[in-house]
Amino acid sequence: MIATRSVSGSSQSPRSPSSQPYLSVSVTDPVKLGNGVQAYISYRVITKTNLPEYQGPEKIVIRRYSDFVWLRDRLFEKYKGIFIPPLPEKSAVEKFRFSAEFIEMRRQALDIFVNRIASHHELQQSEDLRTFLQADEETMERLRSQETGIFKKKPADLMQIFKDVQSKVSDVVLGKEKPVEESNPEYEKLKHYIFELENHLAEAQKHAYRLVKRHRELGQSLSDFGKAVKLLGACEGNSLGKAFSELGTKSETLSVKLQKEAHQLLMNFEEPLKDYVRAVQSIKATIAERANAFRRQCELAETTKLKEINLNKLTLMRSDKVGEAEIEYQELKAESEEATRMFEMIVRLMNEEIVRFQEQKTLDMGIAFHEFAKGQARLANGIANAWRSLIPKLEACSSSS
Amino acid sequence: MMGSDNEGFEEAHLYASKEEMENLVIDNPLNDSNSYSNYRSALSSAISDTSHPLAPSILVTPADSDPILSPPPYRDHLYHNSPTESSYFEPPPFGDNVGDVNGVENHSLNLDNFGRFSRSASWSTSSSTDSEYVKITVSNPLKEQEASNSIVPGGGTYVTYLITTRTNVPEFGGVEFSVRRRFRDVVTLSDRLAESYRGLFIPPRPDKSVVESQVMHKQEFVELRRVALEKYLRRLAAHPVIKRSDELKVFLQVQGKLPLATTTDVASRMLDGAVKLPKQLLGESSVVVAPHEVVQPAKGGRDLLRLFKELKQSVANDWGGSRPLVVEEDKEFIERKEKINDLEQQLSNVSKQAESLVKAQQDMGDTMAELGLAFIKLTKFENEEAVFNSQKARAHDMKGFATAAVKASRFYRELNAQTVEHLDTIHEYLGLMLVVHSAFSDRSSALLTVQTLLSELSSLESRAEKLEATSSKVFGPGKSRNRKIEDLKETIRATEDAKNIAIREYQRIKMIYQVL
């Protein structure tokens, strides 16, 4: 079941002829596998596409949550600057992990995750995505177990981490405690916006969740009330007793409506809000990446400069170390240029991404509000109708006795 | 780009539905009477689009035939009659038929009566039998100073209320008159009525609730009390027996200090009893219950000895081997009593659930308001920080949403206020259960008195017999023995009298019940 979210690429547009390139993915059929502590949920991931890079028009694979995590991590590594779609959280509470509601919420979120990747013009071309959508389960398992923790990093990366730490330490020692940061006012504004936004959204999401709970509580108390009224009616005879019984039954009917609406609210309003929060957190991760890239660029630029100065000195001195220094300098220069390119790419991508993000969110929230209003109006109508239909029955009772 | 077609399609769909959202006329101020019709007309314009998601579930009922908008006739009637009454149902006047003791069909204490009373609109101001009326208003609370220095610190002031009566009943000897009374006087009135009309269902008086007066603002509390007093006095005036009572007349008419005997507190009564007890045991004070005390329950009196005797009797009833001479025989009564207990249990259950229902509705309204507020903050934030148009559009949506949520929360609060009003009837009925219980306990305590006196009588008589029997065998100083016999016979006679009175009282109470 694909939720009614405006994720393009998730359904074949009826207007597009079959010759148009398309990639459509769905995550379905959660199944519990394994026993006890090792139990987990597996999902069927169905890919329908006519892209040449993919095998055939349709492919079905079985994936579990950690496979999705692998995909996300890979994309995060490779596509710096792009806001990688967020994943639903790992559930901490054991008891809740296999409840039907949780499973459904997670499935919906995973479906949206993959679809967002599939419809992003850059990300959809990722090889990792192809692997994820097509590789057999054994390959997937192998890949998944490789990429854990520090072993994720290649040796060169490890060196880089070491160097970063080194330079940080030396900075502190030399008194340059403040980390190097961009001084771009627009970007500052953006960062401030993102951090503030997360707070506001988290609060809204908290209240949305509470509202879901309130619906459930009201439903429960209507049910209890209805039962109690029916028992009271049993003390009476004739039409009065009947009136009580009608009232009690109506109350119980409404309780069911409320529970339904609570579920709707959870899936179509609270979950999108949570998704919004996650998306903002993903952006924060990208912001961190950009900061790293900027620092690296600055450091490399600095070291390159130092190397250049050194080289010139050596050249002047006609030292025999010139050749070596020249090579080192060239290498460093290349690295520095690469770092600058990387940083600039991130900046460019982020600018595009933020536009896309804002538009997407306006759409998403619009739909969420719409669903909310629909649901509430439906509920209110249902309640009004139920009570309204009761009144003539009560009048009949009162006039007859 | 691959998904662009879809995006465009979905966007169009979104914006179409946004239009529909706007058509729901969220921004129009909705005042009370027009709210429903506004909403309806707004919806019907939205309904014109057949694919509107809300269309199938909406019943567009014309306003005149909508039972929610036009309350049924009897409700209007009730409202016209008692404008100050906020509660929809009022508890019926009990003992409606007690006045006609003679030649009246045996109405069974059927709960239908409760329902019938509460639904008839006519009882609150005019009884069906004649056009006489007694209209009571309580108003004008004033703070007054205690005349003498009160021992209780912080005391010294109390509130009096102006009680105005308008009546055409000749026994009152006046058409309109007012007195000032304080709450303590009301307590006295209610206690005296309880004594004089033992066995009847008497409307319960308002609570003393000292604690509340500390917690609430003085004004709020005084106003609540004023309303409660008015309700209570009106009920008394509507009760066919009590409205003719001397106690009520005196309360409503006599100026100055209320000339009814005040109830002494438990401590001083116990003290009196404790003083009397040794005298009784030594034979100095009367051992037999005085006639005027027999008709009152032992508990509230000063005769500790009697209290002990009845206690002993009730234990013997429960644990003793032999049945007492007179028992509760009326099967119907026993059945009804059980039914009443059952009813009370269900009522209190419903009351509990009603309370949690009210709380749930309250919470719903509160959380809805908080959600709206959170989005208002978000709106402000997005507007301040907007860089893109999409943000402005979103801020606009959020504002609409937030406004609606806040409005919805207000409606929930309103709903709750009404729910509380209507469900309050349950609490009133629960209060009445107490009245019923006390009437029933009047009956059982009268029975206990009878039983006690009967067994006392039989033990006295057997003592007398023994004494007579020994006298014929033993020659002894005749005088003292004769005197003993004489005293004993005296006691027996007094006890016989008391017993007869007690039996009469018990029968009287039983009669009341029969007629109900």
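Where is the place of B:Asn140 in chain B? B:Asn140 sits in strand E1 (residues 134–145) of that chain, where strands (E, at least two residues) and helices (H or I, at least four) are DSSP runs numbered from the N terminus. Before going on, a few ground rules.

This is a predicted model, so to speak in its own terms: local features need pLDDT of at least 70, side-chain atom pairs count only at pLDDT 80 or more, and totals for chains, interfaces and linings use all residues. Residues are numbered from 1 along each chain as its sequence is written, chains are lettered from A and ligands numbered from 1 in the order in which they are written, and side-chain values use heavy atoms, with hydrogens and water left out.

B:Asn140 has a phi near 55°, a positive value in a residue other than glycine. Over in chain A, A:Asp29 also has a positive phi, near 55°, and is not a glycine; its place is in strand E1 of chain A.

How open to solvent are a few of the residues discussed here? Buried means under 20% relative accessible area, exposed over 50%, and partly exposed in between (1.4 Å probe, protein chains only).

| Residue | Relative accessible area | Class |
|---|---|---|
| A:Asp29 | 40% | partly exposed |
| B:Asn140 | 40% | partly exposed |
| B:Arg192 | 10% | buried |
| B:Trp319 | 73% | exposed |
| A:Leu390 | 2% | buried |

**Chain A**

Chain A has 8 helices and 3 strands, and along the sequence they run β-β-β-α-α-α-α-α-α-α-α. Of its 401 residues, 47% count as buried. Contact here means heavy atoms within 4.5 Å. Among the chain A contacts with a separation of 6 or more, 74% join residues 24 or more positions apart. The chain exposes about 20,500 Å², with carbon and sulfur atoms supplying 56% of it; accessible areas come from the Shrake-Rupley method with a 1.4 Å probe, and for residues only the protein chains shown count as cover.

Helix H3 (residues 127–134) of chain A is worth a look. Its buried residues are A:Asp128, A:Leu129, A:Phe132, A:Leu133 and A:Gln134. They pack against several elements of chain A, including strand E1 (23–33), helix H2 (100–118) and helix H4 (137–146).

A:Leu390 and A:Glu246 are 144 residues apart in sequence, yet their C-alpha atoms are 7.4 Å apart in space. Leaving out residues up to four places away in sequence, A:Leu390 touches A:Glu246, A:Leu247 and A:Lys250.

**Chain B**

B:Arg192 lies in helix H5 (residues 183–196) of chain B. Setting aside neighbours within four places in sequence, B:Arg192 is in contact with B:Glu247, B:Leu260, B:Ala261, B:Thr262 and B:Thr263.

B:Trp319 is found in helix H11 (residues 304–319) of chain B. Together with B:Leu311 and B:Val315, B:Trp319 makes a nonpolar surface patch of about 390 Å². An α-helix has 3.6 residues a turn, so residues three or four places apart point the same way.

Finally, the UniProt record (an unreviewed entry) places the feature "coiled-coil region" at residues 333–360 and 450–505 of chain B; such annotations may be inferred rather than shown by experiment. In the model, residues 333–360 of chain B are 100% helix and 0% strand, with the end C-alpha atoms 40 Å apart.

How values were computed
Patch = residues over 30% accessible without salt bridge, like charges linked within 9 Å, V, L, I, M, F, W, Y side chains within 5 Å. Salt bridge = Lys/Arg side-chain N within 4 Å of Asp/Glu carboxyl O.
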